[in-house]
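Here's a friendly tour for anyone meeting this structure for the first time. Have a look at it, then read on.

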Amino acid sequence: MNLIDARGREVLDFDRIRERLAGLTHAAQAFARASELEPATDFAQVRRLVAETAEMRALMNESGFAPARIGDVDAALADARRGLPLSAHDLRAIADQLAAAASGARIVRESEHTPLLRERIAAFRALPTLVNRIIEAIDERGLVLDRASAALARIRRGIAQAQDDARDRAAAILRSPKYARAVQDQIVTVRDGRFVVPIKAEFSGEVPGIVHDASSSGATLFIEPLEALETNNRLRSLRAQEEHEVARILAELSALAGGEAAQIGTNVALYVELDLACARATLAERMNAVPPQLVEEAVIDVHDGRHPLLDGRAVPQSLRLDDDVRLLLISGPNMGGKTVALKMVGLFVTMAGCGMHVPAVSAVIGRFTRIFTDIGDEQSIAQNASTFSAHLRRLAAIVEGAGQRSLILIDEIGAGTEPGAGAALAVAVLERFIEAGARCIATTHATELKLFGAGHAHVRNASVRFDPETYVPTYQLDVGSPGQSLAFALARTMELDPAVVARAEALLSDAERDYDRALAELAQERSRTTHEREQLDRDRVALHTLEEVARRKAETADRERRELAARAEARLSEALRNFNAELERRSAQSGGRGRARVTPGQSDLLSRTLDEMRRDLGLDRAPRRTGPAPAPIGVGDRVVVTTLDQEGVVAEDLGDHALVSIGSMRMTVPKTELHRRAGPAPRLPRDHAAGEARLAAATSAQTQLDVRGQRYLEAEPKVDQWIDRAVLMGYSPLRLVHGKGTGLLGRGLQEHLRAHPSVTGVRYGNADEGGSGVTVFELR
């Protein structure tokens, strides 16, 4: 027995879901199956289909898997099984399907996230020899290629040669002065595969040959000249050989396909399964759907579900049916969304049964064996009697078949007859559904049913929301309270005579008016609290977003600060090491008679610069010491400057700081950045006169930089490095030689220098300094 009958599929608009799914398939067989898709009744199969859809979605996102579009080859396969020769077009279609199936199977098997799909195609076996043989012999248009066999290639070369020969012999007649007056047109054409020339009918006796055809007017005869007769005969013979060879090739390929017909059918069937899974996955992506959680219990729990056919117009709705709440009674004004909620639930269960995902934030769907529906348009007064009869017949069938795993969907239950009797009948039917353990959603306008819902343990009232001021529906579902039908409010909106509306309200009993008034007050209160809750939710989301943005900005700033600090430390350390090494090298070249010395002002400037940089960057690389305090560092101690990773000797104790000799350079360093090194201190040089002379020479050489002949992008980093060294050494003013040329390099470097924080007084050189080919500037 099917999960849902044809009438149910029709009223739920499931056929439109099938149309969308079929439109996403690529194989003709998959299109046919999707167009006739039925929900599975085996719940294990449903679970597998839903999981395969999820695997295919992941595979498509991971590898971009997309099936190729292929035709139907079932008839061709049937002929191949019977040993009949196939056409070239059919053989090529089989090869294309096998190639597409092989590609899809390979992608599935290579993925680590498709265990069910891999199991699904376990019987697939590629047939590369057959595919390659067919593709080698037949092209995409279904034409047999010359390379299909050596004999066919030889025959076709002969045909081409014979065609040229026959055409030339016929054209010779047209060129001959002897037949000039007999020729109708200067063209060679073909009739019945033979080359002919057009001759005027009155001169046909002057041109020796065979007449093959005549024009519709009879004025032109198409004659095969005797000179072309032998060549045309040879051409006809070669074409017969060609047909025979092509037939032989097709028979050979058909036999190969027939021998693998069973495996071809298996491969094509598995490819169709992949195509269907891909269509389900694509539809799920377009609907922004989620895989339903399938449970054994008869449960439906939908959170923010959207009607699958309303696309962007769908308003999310949430509801739940289980053993505690077996019946949901939805009331409210017409066109407010009651039937939409009804159909959404029916479509969700039906789609899940077909392995599809459902458009919702989350959805739990239990195992149901039957879906009963009674949904129809009953607005025609002229058809009330027949409509109610059909309604009763449908209800009778549902009552008879309802069970614990039945889902029942009824629109306007009890309508179409006297309201009191209809409501009483509806209550009795719904009580039977509850006793049977079925899950049911029904819509109604009847007050009696709303009261029934309020007083029964297994029933929940629900209503479609509307604006209490304008009475415009919002299509949102509120579970827990009944809704107003808004007959009088809608009558006023539709401009019915106010006196008539007032009279109608007066005819209501006091109890009915009190009940309607209570519902109106409840609707207003519900609208107010809902609005407040939604505003709180929006505020909460906005606050969370702001917190997240602030957190990310703080993390980014901290990371950038640390990266900048690391680069600065590395750059300074490298510069100091290089400078120290240069001084040592120059001292060695002088024979050790003296060493270059950094002035105390330069050492103090360097020390202050390092301290300020560390404070600005929030760095404190001084090691934290635990245990008893070490002995104070004194003059002559061998130490390591931790911030520079350089070794030196304390030359002078300055309280919290110490003057440290690092090679030929002296620096004032905080004692917190010094670490005592074991071992004797190296002897310091006594004679520094030669070193100072060499340092003065080095200083003179480094106050000028020549970048002539370089591009701006090459010169700019060199200038920056030069300025950095000059700042450390205390050099100023500096002279940059860039040449005159077009002037672009000089202007670009001057703009760069004016923006540099350490540079001031940028100007072109005087006449005795090099003029516009030189830029002179000072350091701050």
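What follows goes from the whole chain to a few strands, a helix and a cavity.

First, some housekeeping: residues are numbered from 1 along each chain as its sequence is written. This is a predicted model, in which local features need pLDDT of at least 70, side-chain atom pairs count only at pLDDT 80 or more, and totals for chains, interfaces and linings use all residues, while side-chain values use heavy atoms, with hydrogens and water left out.

**The whole chain**

The protein chain has 22 helices and 23 strands. Those are DSSP runs numbered from the N terminus: helices are H or I with at least four residues, strands are E with at least two. Out of 780 residues, 43% count as buried, meaning under 20% relative accessible area with a 1.4 Å probe and protein chains only. Take the contacts (heavy atoms within 4.5 Å) with a separation of 6 or more: 68% of them come from residues 24 or more positions apart.

**Strands side by side**

Two strands pair if DSSP finds at least two bridges between them.

| Strand pair | Bridges | Residues facing each other |
|---|---|---|
| S1 (residues 189-191) and S2 | three bridges | Val 190 and Phe 195 |
| S2 and S4 (residues 220-225) | four bridges | Ile 199 and Leu 221 |
| S15 (residues 638-641) and S16 (residues 646-654) | four bridges | Val 641 and Gln 646 |
| S16 and S17 (residues 657-662) | five bridges | Val 650 and Val 660 |

Strand S2 (residues 194-200) has six of its seven residues buried, so the rest of the structure largely encloses it. S1 and S2 make a hairpin with two residues between the strands, and Asp 192 there takes a positive phi near 55 degrees. S16 and S17 also form a hairpin, with two residues between them, and Gly 655 in the turn has a positive phi of about 85 degrees.

Elsewhere, four strands make an open sheet of mixed pairing, in the order S5-S9-S6-S7. Strand S5 (293-294) and strand S7 (317-321) are at the edges with a single partner strand each, so one side of each has no neighbour in the sheet. S7 pairs with strand S6 (residues 300-305) in the antiparallel sense over four bridges. Asp 301 sits opposite Arg 320 in S7.

**A well-covered helix**

Helix H11 (residues 261-287) has 27 residues that should span 39 Å at 1.5 Å a residue, and its end C-alpha atoms are 39 Å apart, which agrees. The expected span is 1.5 Å times one less than the number of residues. H11 is mostly covered, with 21 of its 27 residues buried. After H11 comes Asn 288, with a positive phi near 55 degrees.

**The cavities**

The structure has three cavities of 30 Å³ or more. A cavity is a set of points on a 1 Å grid over the protein atoms alone where a 1.4 Å probe fits but cannot get out, and lining residues have an atom within 4 Å of a point. Grid points are joined across faces, edges and corners, and a volume is the space filled by probe spheres set on the points.

The largest cavity has a volume of about 100 Å³. Its lining has 13 residues, with Leu 3, Phe 43, Gly 353, Gly 366 and Phe 368 nearest its centre. Helix H4 (43-63) and helix H12 (338-353) each supply at least two lining residues, and H12 gives the most, with three. The lining splits into nine nonpolar, three polar and one charged residue.

Definitions and conventions: 1 Å grid on protein atoms, 1.4 Å probe; cavity = no way out; pocket = protein on both sides within 12 Å on 5 of 7 lines; lining within 4 Å. Nonpolar A, V, L, I, M, F, W, Y, C, P; charged D, E, K, R; others polar. Buried < 20%, exposed > 50% of the residue type's maximum accessible area, 1.4 Å probe, protein only.
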